[in-house]
Amino acid sequence: MPINVSVKLCGAKARQNSHQPCRQPAMQNGRCRMHGGKSTGPKTPEGKERAAKANFKHGFYTNAAIEERMRMRMMMQWRKDLETI
């Protein structure tokens, strides 16, 4: 099958023994659908907020949670100090 020379090719290096470049047609980013490259991440503030919410797991290390644990430790220490008096 002849290759259309007007179409830009992907050219990603194969990981197999041949190390031949990929001959699939390239997308706008210069790579084919299989070698598209890593995502560059969200660009808009809304997209960044969505990504942050998607990655939120439990909140154990949020500033509010850390401050709450610190406050509880101080209260427990204060109570312990009162009992020793």
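1. Alanine 52 counts as partly exposed because its relative accessibility is 49%, where buried means under 20% relative accessible area, exposed over 50%, and partly exposed in between, with a 1.4 Å probe and protein chains only. This alanine has its place in helix H1, residues 45–55, and its C-alpha atom is 19 Å from that of isoleucine 66, a residue 14 positions away in sequence.

2. The model is a predicted one, in which local features need pLDDT of at least 70 and side-chain atom pairs count only at pLDDT 80 or more, while totals for chains, interfaces and linings use all residues. Residues are numbered from 1 along each chain as its sequence is written, and side-chain values use heavy atoms, with hydrogens and water left out.

3. Glutamate 49 also lies in helix H1, and glutamate 49 counts as partly exposed because its relative accessibility is 47%. Between glutamate 49 and leucine 82, which are 33 residues apart along the chain, the C-alpha separation is 45 Å.

4. The protein chain contains 2 helices and 0 strands, taken as DSSP runs (H or I of at least four residues for helices, E of at least two for strands) and numbered from the N terminus. Helix H2, residues 63–84, has 22 residues that should span 32 Å at 1.5 Å a residue, and the distance of 32 Å between its end C-alpha atoms agrees; the expected span is 1.5 Å times one less than the number of residues. Of those 22 residues the number buried is 1, so H2 lies largely in the open.

5. As for overall form, the radius of gyration of the protein chain is 28 Å, whereas a compact globule of 85 residues would have a value near 12 Å; the radius is taken over C-alpha atoms, and the globule rule is 2.2 Å times the number of residues to the power 0.38. The C-alpha atoms fill a box of roughly 90 × 35 × 10 Å along the principal axes, and 9% of the 85 residues count as buried.
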